[in-house]
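Hi everyone, thanks for making time this morning. I'd like to walk you through one protein structure, sheet by sheet and helix by helix. Please have a look at it while I talk.

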Amino acid sequence: MSSQQGMVYLVGAGPGDPGLITLRGVECLGRADVVLYDYLVNPRVLEHVGPGAELVCLGRHGHGRILSQSEINERAIRDAQTGRVVVRLKSGDPTIFARAAEEIGAFLAAGVPFEIVPGITAAMATASYAGIPLTGRDQASAIALVTGQEGDDKQGLPLDLAALGKFPGTLVFYMGVTTAPHWSAALIAAGKSPATPVAVVRRCSWPDQWTLRTTLGELPRMLTEHKVRPPVVAIVGQVAAAQGTTGWFARRPLFGRTVLITRPIDQIEPLRTKLEELGARTLVQPAIKIGKPADWRRVDDAIARIGEFDWLVFSSANGVRAFLDRLLQTGDMRRLARAKLAAIGPATAAELRRYHLHCDIEPEQYRAESLVAALAPQAKGMRFLLARASRGREVLREELERAGATVEQVVVYRSTDVEAADPEVLAELSAGRVDWTTATSSAIARSMTALLGDHLRQTRLISISPLTSETLRQAGFEPAAEATVYTTDGVIAALLRAEAT
């Protein structure tokens, strides 16, 4: 290909869990100029798209017009012919009931180069996430993937349900909710027992995955009784018999719970990842934003004089990153050879270790008062540099000066409040669909109570420390749980304890 020639990638995003996209799929998203995506694709997958790429949702039932297949083909071809890299992002696998044949035919006819990147199709994900093996030595040695919806303009013979009724293995029906009375009756008429086990799995691998176990004869009634709506996969065969337990996915301790994370947007990991691994659905509404100082001159001056200080003190991981990154722009870590390092807690100390630095003092309790208590006995006559945020308590400076130290402070990052909340997050809170909301610092607690107001009364608050809890109480909100170890891991541990009681 010439450098000006475009390309289309047909990429499978998997069935829901954003971690199920392949590494090749992530690579393609990272190089895309435009992404044409199905609404069933988890929005988290789109986080792999590079800055500046155009994102085009192809429509959603009940939410405006859905683009036709011919319109999708034309858009992909037009963009590729102008030299753009196009990713056609599909839920599941591009070649399983996803009309890939029509798209491939259009690309071939237009002379547009393309690549197919496989994805995990819903049937295979169901086997893992719902604990229903699709094969079994004594139960099924074959699998048939079957569409429950055939096109009205299909050319050729219709689906032979009579033959499928005699199929010696597992049947997996896609898109078969509305047509279940037809295909279940046809299978029974062809000789399949009405007592044949059926498992209906809705939103496989999503945090609200739901499984209904029934029989082929009872299937239509049960779908109506439970008001089952797509997306659904129905597994028909002996492998779908009740196993006496649910799959691992639904047995995780936070399965079915929704947790709202209020940390700055670039700091939600690894808290989000850990919560989701425990089964939680997560929402994100940053309460504060972290940015560069308005003026670096005071920081640069302090760095130039760093050899004058006996102690360099950090009260947050943000401060570590901001100060050391600035230092590295003009020199290297040898500038810190004289100064001892103090960190307010394990997260801050861990951030120092990322720069291959080990702190000399880390208090047992992760708060300013404890850090002062650890430093005060050796503070007299010493020079301290505090790398801090644009706002916060003055405890460190005041108490160190009272202990006889000379203290200089520099603002290495700005902390500002988010002024407008995401309407979708507000709607989730108002509807009572958020079980827990995190408060992982006093600054976040102050901002989130102002930002979300009485919406927070529809959720339970979990605080990272007594200081943060007191900030919540001052705003009129009582935390439902409080960490005993003042870290994000401590927040998770407190949440698990609260859920277990």
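Let's start with a pair of strands: β11, residues 258-261, pairs with β12 in the parallel sense over four bridges. Two strands count as paired here if DSSP finds at least two bridges between them. Within that pairing, Val259 has Thr282 in β12 as its bridge partner.

Before I go on, some housekeeping. This is a predicted model, in which local features need pLDDT of at least 70, side-chain atom pairs count only at pLDDT 80 or more, and totals for chains, interfaces and linings use all residues. Residues are numbered from 1 along each chain as its sequence is written, and side-chain values use heavy atoms, with hydrogens and water left out. As for the element names, helices (H or I, at least four residues) and strands (E, at least two) are DSSP runs, numbered from the N terminus.

Now the wider view. The protein has 17 helices and 20 strands, and its C-alpha atoms fill a box of roughly 90 × 60 × 45 Å along the principal axes. Of its 501 residues, 50% count as buried. Buried means under 20% relative accessible area, with exposed over 50% and partly exposed in between, using a 1.4 Å probe and protein chains only. Among contacts between residues at least 6 apart in sequence, 68% join residues at least 24 apart; contact means heavy atoms within 4.5 Å.

Back to our strand pair. Which sheet do β11 and β12 belong to? They sit in an open sheet of five strands, with the order β12-β11-β18-β19-β20 and parallel pairing. At the edges are β12 (281-284) and β20 (481-482), each pairing on one side only.

Helix α15, residues 442-452, lies across β11, β18 (436-439) and β19 (460-463), and runs at about 135° to β18. For angles like this one, axes are lines fitted to C-alpha atoms, for helices over the stretch in contact, and the angles run from 0 to 180 degrees between N-to-C directions. How much of α15 is covered? Mostly, with nine of its 11 residues buried, among them Ile444, Met448 and Leu451. After α15 comes Gly453, with a positive phi near 50°.

The other helix is α17, residues 488-500, which lies across β11, β18, β19 and β20 at about 140° to β19. In the loop between β20 and α17 you'll find Thr487. Is Thr487 buried or exposed? Thr487 is buried, at a relative accessible area of 15%. Leaving aside neighbours within four places in sequence, Thr487 is in contact with Pro346, Tyr366 and Ile464.

On to another sheet. This open sheet has five strands in the order β13-β17-β16-β14-β15, with mixed pairing. The edge strands β13 (288-291) and β15 (340-343) each have a single partner strand, so one side of each is left without a neighbour in the sheet. From one strand to the next, the twist averages 25°. β13 pairs with β17, residues 406-417, in the antiparallel sense over four bridges, and Ile288 has Asp417 in β17 as its bridge partner. Helix α11, residues 346-354, packs on this sheet, touching β14 (311-314) and β15, and its direction makes about 140° with that of β15.

Next, a helix pair. Two packed helices are described by the angle between their axes and the distance between the axes. Helix α9 (297-304) and helix α10 (317-330) pack at an angle of about 65°, with axes 10 Å apart. That makes α9 roughly perpendicular to α10; the cut-offs are under 35 degrees for roughly parallel, over 145 for roughly antiparallel, 65 to 115 for roughly perpendicular, and oblique for the rest. Which residues meet? Val299, Asp300 and Ile303 in α9 meet Phe323, Arg326, Leu327 and Thr330 in α10.

Last stop, strand β2, residues 34-37. Val34 and Leu36 point one way from β2, Val35 and Tyr37 point the other way, and all are buried. Four bridges join β2 to β3 (54-57), running parallel, and four bridges join β2 to β4 (85-90), also parallel. Leu36 has Val56 as its bridge partner in β3 and Arg88 as its bridge partner in β4.

That's my tour, and I'm happy to go back to any part of it.
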